Structure formats: C-alpha cells, structure tokens
Amino acid sequence: MKKATSCEAAPNTAAKIQKSSETQNFQAEKTTCSSYLEQRLTAIQVTDEENHFKGATNAEGYPISGFCFFTSDDNDNLVINYLTPDGRVMEYYDDTRNEGRNIRGYRRTRLKNPKDGQGKYKQPKGTENYPFFTPKAIEAYKSKAKVGTLFIVEGEIKAFVLSKFGLCTIGIGGIYNFSAKGKDELHPDLVDYIKTTNPRDIVILHDADALQLKKFDEAKEATERPRQFSESLVKFYDYLKPIFQGDLYYEHVLRDAGCKGIDDLLFDIRCDQQKCVAELQAVKKKTQGEYIAVEKITGTTQIRKYFGLETVKSFYERYQDDIGDREFIFNGDRYYCDEMGEVRASYAREVARYIRVGAEFYKKTVNDRGNIEYTPWKASSINADFNNSKEFVRQIPKYDGFAYEPQNDPDKYQRELIFKAAGIVSRLYNRFYPLTHRPTEGTWETINRLLHHIFDYKNSAGESLYDFILDYFKLLYEKPEQKLPIICLVSRERETGKTTFLNLLQALFQGNTCILDNYRIGSKFNCLLEGKLVVGVDESSILPSTVEYLKLATTSKELAYEGKGKDARMGKNFAKFVLCSNDESGFVKIDAEETRFCIVKVPPINEASDPHLLEKMSKEIPAFLQYLKNRSMHYVERSRLYFDENLYRTPALVNIIEASMSPLIKNIKDVIRSQFIWQRKGSIKLSLEVLYTLTYNQYKAADKMLIEDYLNEAFKKGLVAKRESTTFSYYLDAETESKGKKARLYVFMAENWLSASDYNELMKEL
C-alpha cells in the first residue's frame, strides 16, 4: 500500500475505518489522563478546551470530535498527536503489522521516566520527523491569511505555548528536524506552509542553553555543541533561500532570564508575560531585550560568528561564563586565558608528545609498524620548533628515569610509576606499551580456528595442547610477569600458520611484541628485547650459544641489556619466546633433561590461504580477550614455568632431543631399547662390558669410559639402578641369547627407556 502523507488522502476504506477508531482512540486517551499529563499541562496552564481541537478531521474529511493534542498512554507517558497544516490527522503507513489497518495517526511520545541512553522521546519505528502544527498555525493556513512572523521552535510543548499566546508557531522535534527524511532539503510540509501563508519574517527560536557549554569538559572539544547549533541554523538558512524572500531571524532565551525554555520562562513567576511576548515579536529591534536575544541572519559566516566560532578569542568571550579559568580545546588545540585576559595556547597537545627523562628529551613517534617509539630529541630542536618558548619547555613532563611495569588491563595500567627508598622518591616513566584493545563480548571464530589448527597437536601422553595454549594466553594477558615455556612451531611444510600465529601475538600485544631474525636474537646488542612481553623468531636456526641465552632469558627475572655504544645495564625481564622453523629436528639443540621447550609440529592448512586472515583476527581480539578474562584456568600451577613439564613434552620435542644427542649416546640408547624388545621383559640387567660389546658390535664404534659416564648420569637421574655381581642373560640379536659373566650390573626399567607406544605394546605381551 502506498504511504499516505500529510498532504494526501488515504483510500476510502481506510478512511472510514479510521473515522471510528481514531475518534474512540483519542477520546479514550483523553478521559484517562494520568498525573504526568496533568502535571505537564498544568505547568503551561493548558485547559481541556485548549487541548481539544474541534476542527480535526481524518484524511477523508470525517470530523474527529475527540481529538486532543496531548494525551496519555498506559505507561503514564505523554503522547503528542500531530495534525497536518489544514487540521487533518497526520498519517503514516505502519508496515510492522500484518493486520488490515496499516494507516495510523502519527504521534511522538515523551517518556515519563526515560532509561539511561534511551532518550526522552520515541516515535513509531521507521517514521520520519514531521513538523508539529499548532492551533494558531493551522488557523492561519486554513484561512490562507498572510502571516506576519512565523516562529519555528524546537519542541512541541514550546510551540503550543507560543500558539496559546497568539503567535503563529510550528514545532520541530530537534534542531535538525526541519528537513525531509533522507533528503538535503526543507520538509515538504514546511515548504507548503511557507508558500501558502507567505510570512513576512521567519524566526528560529532556541533555548537559553543554545549558547552555553553544557557539561563543559576540559578533555573534550569545546566547540562541539555550539557547532551543532550553528550548523543547524546554516542548513536551515540554505534550505530556506530558494523559497523565501523575507527576513530570517535567530532568537534565543537569554541566560540571565533565569529559565531554559520559552515555556518555562512565560510561566515563571518573575516573568512579565506581556513584555516577553512583545520581545519575541519585535524582531526589527536593534537592542537586546530583557528576556530574548535576536539576531538577523544575513549569511552563513555571520551565523558562525554569532556562535563564537570565528576565532579562539571570540569563542572564549562568548562562553567565558562556562569556561572560566579552565583550559579548553578549540578546533583541536588547547588554550587558556591568562591573568591579563589574553587567550593563549597551552601547548598541551604538542607537549604530550615530549617527555624529559633525567637530562634528556624524548619525542614520542610512531614507527612503520604502528608502534610508539621514544626518539631522543635535542633541546635546541624543541626551542627552534616552538620559538624558544620557555612556557612550552616548562610544561614538558619530567621523569627521573625509565621503567617497565607490565599491565595489559587498560583500567589498571599506570604510565607514571613512583618508587621510594632510603627517603628518596623517584618518578619513573613506564615504557610498557598500554594496549588499546578493550575486552568486549563477541565471537572469535577465526582465532579459534587457528589455535585449533596448531594446538590440537597431542603431547606424548596423547593429550591435546589446545587447553594449554588458552591457559598460556590467559597468563600472558593477566599475569605478564609469569615465566612460561618457550613455544617452538616446526614444520617442513609451507603455509602452515606458523608466521600467522606470530602476527596474531603482535596484533594482540602490540608494541610489547617484537619479531626478530636469527642474527638479532643471537646478538650481544639485545636492547630491543628490553621490556618486551613476547619475542618471536621466524624461520629460526638457533646456535648453541643462543640456546643457552634463551634458556636463561626464559627463567631469569633480570637480564643485562646492551646497545651499541652504551654500557650494559641490568633491567627487568618478562619476555616469552616463540620460535618458528622449517627444520623439524635440527633447528635447535636440546638436552634430554631440558624442560623449557614446548615443540609443536604444525600441519599444513588444507583450505586456500585467506589474504584477510590477520585483519579478521585483529577485529576479534577484543572478544578473545573478554573470553580469556571470563575463562577459568584449565591447569593448576606446577612449576616455575607454571605448567607441569610433562604437559608440553611432545613427540616433536623427543625428536629434537634425539637429534641433539651425540652419535654414541644415540647408539647406547638404541642398544638398550633393542634388549627390551628382544628379551620381552619389563626390566633388564646389563653390565658395562656387555653394553660396550653390544654397542661396538652393532655400530663399530664405542668408548667404554664415555659409556660409563653416561650410565652414572642416568643413575643420578633415577633412570637406572645398580646391582652387585650376579648372573644375567642378554641377546646378541633378536634370536641369539647369551649368558653374561658375573659383574656389577645396571638395571633398566622399560618405562624409562621406551616410547609410550612401545612400552604399552610390551606391557600387553607380558
């Protein structure tokens, strides 16, 4: 069905239905007026007779005897009913229901108790904002009499009050609600009204607070509210020019009048109503009245000037009662008024880019990765940039030194750190990067898919590492100083997601992350690592000397940091290392006793590579962080690296440990494993001489002294037991059993020397 506008007639059937229903509707609401309705109408002294409009009709001209401008709903809210310029019910097409009657009377509702963030008014869903035509305005339109001054005021009740005092007035629902929905032009009902009544003058009337800085906040742009009023007036002026040849005036209630709106003012006990109405009508006057300020509008520049938006000086003069001696932001720059009444730049925005630490100046800059850096800046350069302003230099924040205090929660983060000792108080600048992410509810499907892809990998006990990595992330985020294992992602394949995981860490922890190459991670100039939460090494091949450094850095609370040309100094260390490599067995050497490495073999991604994967994950980070905050830890703390080392002991780690062994050790272990398989026993006994002979026979190389050293180390670790001289048997090969001579024996238990699968298979047979 075509929408029925305020200037169109609805179809006959709909009109007849509306005749009876609208009459009953308006009468029912009128007779059940609640206290809020009565309170509002009593305040503006509107009688039942004034509220009742006898000339109201529907679209087909059927009279509506019960029409009232203001009624009440079942929730004690104030309902404002709209009429067209000629007194017909303003209609709209309601497409939210499937009932037969979809043409309805338009109304706005003033809520009695609006909820926070809800707004004071509501209107039918999907409808535009119509002008509110008052009894006086309708009377002038129907008689087609030329109007002297037409008033347009924000608010239906204010418009009704002015009509009550004999002024031809139209109300609008907001300072911009004079335009047609979705169009950059005046509402067609206003265009029709102006052309029909041909007013001599038009007045836009605002409240007293139109030229006030309500809830002035030094941290926010001060021009925002005045600019909104100014721009609405400019837009109305531009819309009006093509259809109106008369004069446009701007009026507002004076601040000194003691009331905000014209409705409050006219019924204030201190107000001379006659004088106030006279001031409203005296648009040609040259001087300001007692209640009303008036300004003739001649152009857009003049409008902006009237609102004090031309210069910072004029802005302060216009709003100094609100600003006082506080700083304010004008067009992005911060200013203040000094003791002599001069408005001066406070440099706050520029000053915020500089700090002085000790005797050195630094400027905060942004690098090509979007991270903030602290670049040394000469005092002479600052003086040159700011005309040797002592005031500028004086405002630069001063600190005694740098510090790193990790905190990822933006609500708990502290930029300035105070330390006290031996009666000395030092003010330090926290260089740990404050995260910009705010945890919010949402989904993180893309991140979850990546984590499942990489960490569904199982440890040596057959348990997935997925819960391990979620705990790892939670600790990284909530307890950044907790020591954690070194994560190594390995795969010979390309397109596995290893680098993507590093990129996710960098997107999440931002400037507290760095990704280095092999040269940088092994360099003695390690100042890049200071204060970093996550250090990634992509496509790495780690030298033995670097492995020792990584092991130290993983568990030490402090490290020595050194830069080129600068002395090394001790500093806080909370770095977590993530290594990626295409070499599954030889990129790093790891001892069998090492517990600091979690090696994960990553499978290739089967699906096609997504070029927007990182962008999608970055958008999901706030939701992922919210999940981590609400998630309970899956594992309890078991070690200095939090987790039980067996949790992240994986087949890939065992593979690297095996590859890291000397050939002799590998041969010894192979010989011992072979004996378990051939003898089919849960424990076996071997002498040093027999072990040497078997190793030599099988591999043509052996060293009895080195074998003894290895067995003694295994004994210290509880991997073998020693027995006094006794008889024993062993196998020369899978089928040939032999008897050993009496000698000191070493006892080996299968669970210490076989893989989990080999051990389980052996136990099934025993």
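User: What is threonine 109 in contact with, leaving aside its neighbours within four places in sequence?
Analyst: Threonine 109 touches Asp73, Asn77, Leu78, Val79, Lys120, Tyr121 and Lys122, where contact means heavy atoms within 4.5 Å. Keep in mind that this is a predicted model, in which local features need pLDDT of at least 70, side-chain atom pairs count only at pLDDT 80 or more, and totals for chains, interfaces and linings use all residues. Residues are numbered from 1 along each chain as its sequence is written, and side-chain values use heavy atoms, with hydrogens and water left out.

User: Which strand is threonine 109 found in?
Analyst: Threonine 109 sits in strand S5 (residues 107–110). Helices (H or I, at least four residues) and strands (E, at least two) are DSSP runs, numbered from the N terminus.

User: Is threonine 109 buried or exposed?
Analyst: Threonine 109 counts as buried because its relative accessibility is 9%. Buried means under 20% relative accessible area, exposed over 50%, and partly exposed in between (1.4 Å probe, protein chains only).

User: OK, switching to charges. How many salt bridges does the structure hold?
Analyst: There are 37 salt bridges, each one a side-chain nitrogen of Lys or Arg within 4 Å of a carboxyl oxygen of Asp or Glu. One of them joins the side chains of aspartate 207 and lysine 158, at 3.7 Å from N to O.

User: Which parts does that pair tie together?
Analyst: Aspartate 207 lies in the loop between strand S10 (201–206) and helix H7 (224–240), and lysine 158 lies in helix H5 (residues 156–164), so the pair ties together parts that are 49 residues apart in sequence. Aspartate 207 and lysine 158 are both buried.

User: And where do glutamate 548 and lysine 551 lie?
Analyst: Both are in helix H19 (residues 544–555), 3 residues apart, which is about one turn of the helix. Glutamate 548 and lysine 551 form a salt bridge, with their closest N and O atoms 3.1 Å apart. Glutamate 548 counts as partly exposed at 46% relative accessibility, while lysine 551 counts as buried at 10%.

User: What about lysine 601 and glutamate 584, where are they?
Analyst: Their side chains meet in a salt bridge at 3.5 Å, N to O. Lysine 601 is in strand S29 (residues 597–601) and glutamate 584 is in the loop between strand S28 (576–581) and S29, so this pair, 17 residues apart, links distant parts of the chain. Lysine 601 is partly exposed at 39% relative accessibility, and glutamate 584 is buried at 8%.

User: Which residues are linked in a network of salt bridges?
Analyst: Arg200, Asp201, Asp247, Lys284 and Lys296 are linked that way.

User: Now helix packing. At what angle do H15 and H20 cross?
Analyst: The axes of H15 (residues 445–455) and H20 (residues 613–630) cross at roughly 105° and come within 7 Å. Axes are lines fitted to C-alpha atoms, for helices over the stretch in contact, and angles run from 0 to 180 degrees between N-to-C directions. H15 is therefore roughly perpendicular to H20. Angles under 35 degrees count as roughly parallel, over 145 as roughly antiparallel, 65 to 115 as roughly perpendicular and the rest as oblique.

User: Which residues of H15 and H20 meet?
Analyst: Glu445, Thr446, Ile447, Leu450 and Leu451 in H15 meet Leu613, Lys616, Met617, Glu620, Ile621 and Phe624 in H20.
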